[in-house]
Amino acid sequence: MFFQDRDKQFLTKAIVSELVQALKFKCDMNEHNYMVVLDLILQDAGENVPEEIIDDQYNTAACDAVRPYIFDFIDFISDLHVLTEIKRITNSDSIGGDIKSSVAQIVGVEMSRSGVRDSRTVNRYLPWLVSPPSVTQSTPNAFADAVTNVRLLSWLLVGALQANQPCLPIPISCSQYMADYIHFVLAGFADQSKVFFFFFFISSIF
């Protein structure tokens, strides 16, 4: 029995917090539980999930609980090594992609929420997007950062395409910035790929 409305959300907040710790590989989580918690969040956001979780007693407010962790989710989907780490933990070739795409979907839906879908959203979550590097700045570090950013944009696209509601995490007005990043990566590939380290990065957009 809950004595106050806010007490109803304690369990949801605890579950979401545990998910975030698992995504940071600071605790273990059962392979199935990853998707159950992610589906809980997506269902609360109005998304279709394979197996709906009955929450007719009260609103789970999982979206509200996950909002403080959006930056952690962004770090997760932009990390090059998470798929390998999840595969090592779960011994599954597919679950890593499912987890990462669901996390990207949550981020995409959150960034697309009515009332926040404008340049302020981009400035808050992706401040680097509006300052793409120029080809003359094609240093190894700049190239590696650009590949990481393009990887993140790619996963946000995957997440947005999975949504069953209109999902536009990045406004159309920012399309030129995205094109500039892609152009920078393609233009710098010939030079930077001479070094194995950068060939590894460019081969791992996803």
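1. At 24% relative accessibility, Arg-67 counts as partly exposed (buried is under 20% relative accessible area, exposed over 50%, partly exposed in between; 1.4 Å probe, protein chains only). The structure is a predicted model, in which local features need pLDDT of at least 70 and side-chain atom pairs count only at pLDDT 80 or more, while totals for chains, interfaces and linings use all residues. Residues are numbered from 1 along each chain as its sequence is written, and side-chain values use heavy atoms, with hydrogens and water left out.

2. The side chain of Arg-67 forms a salt bridge with that of Asp-64, at 2.9 Å from N to O (a side-chain nitrogen of Lys or Arg within 4 Å of a carboxyl oxygen of Asp or Glu). Asp-64 is partly exposed as well, its relative accessible area being 48%.

3. Arg-67 also meets Glu-110 in a salt bridge, with an N to O distance of 3.0 Å. This pair links distant parts of the chain, 43 residues apart: Glu-110 lies in helix H6 (residues 95-111), and Arg-67 in the loop between helix H3 (62-66) and H4 (helices are DSSP runs of H or I, at least four residues, numbered from the N terminus). Glu-110 counts as buried, at 6% relative accessibility. Through shared partners, salt bridges join Asp-64, Arg-67, Glu-110 and Arg-113 into one network.

4. Six salt bridges are counted by this rule. One of them pairs the side chains of Lys-24 and Asp-72, at 3.3 Å from N to O. Lys-24 sits in the loop between H1 and helix H2 (31-44) and Asp-72 in helix H4, so that the pair links distant parts of the chain, 48 residues apart. Both partners are partly exposed: Lys-24 has a relative accessible area of 34%, and Asp-72 one of 24%.

5. Helix H1 (residues 10-23) packs with helix H4 (residues 70-78) at an angle of about 30°, their axes being 10 Å apart (axes are fitted to C-alpha atoms over the stretch in contact; angles run from 0 to 180 degrees between N-to-C directions). H1 is therefore roughly parallel to H4 (an angle under 35 degrees). The crossing of H1 past H4 is left-handed (the near helix is turned anticlockwise from the far one by less than a right angle).

6. In this packing, H1 contributes Leu-19, Val-20 and Leu-23, and H4 contributes Asp-72, Phe-73 and Phe-76 (contact means heavy atoms within 4.5 Å). By class, the contact of H1 with H4 has five nonpolar residues, no polar residues and one charged residue (Ala, Val, Leu, Ile, Met, Phe, Trp, Tyr, Cys and Pro count as nonpolar, Asp, Glu, Lys and Arg as charged, the others as polar).

Notes:
Helices (H or I, at least four residues) and strands (E, at least two) are DSSP runs, numbered from the N terminus. Angles under 35 degrees count as roughly parallel, over 145 as roughly antiparallel, 65 to 115 as roughly perpendicular and the rest as oblique.
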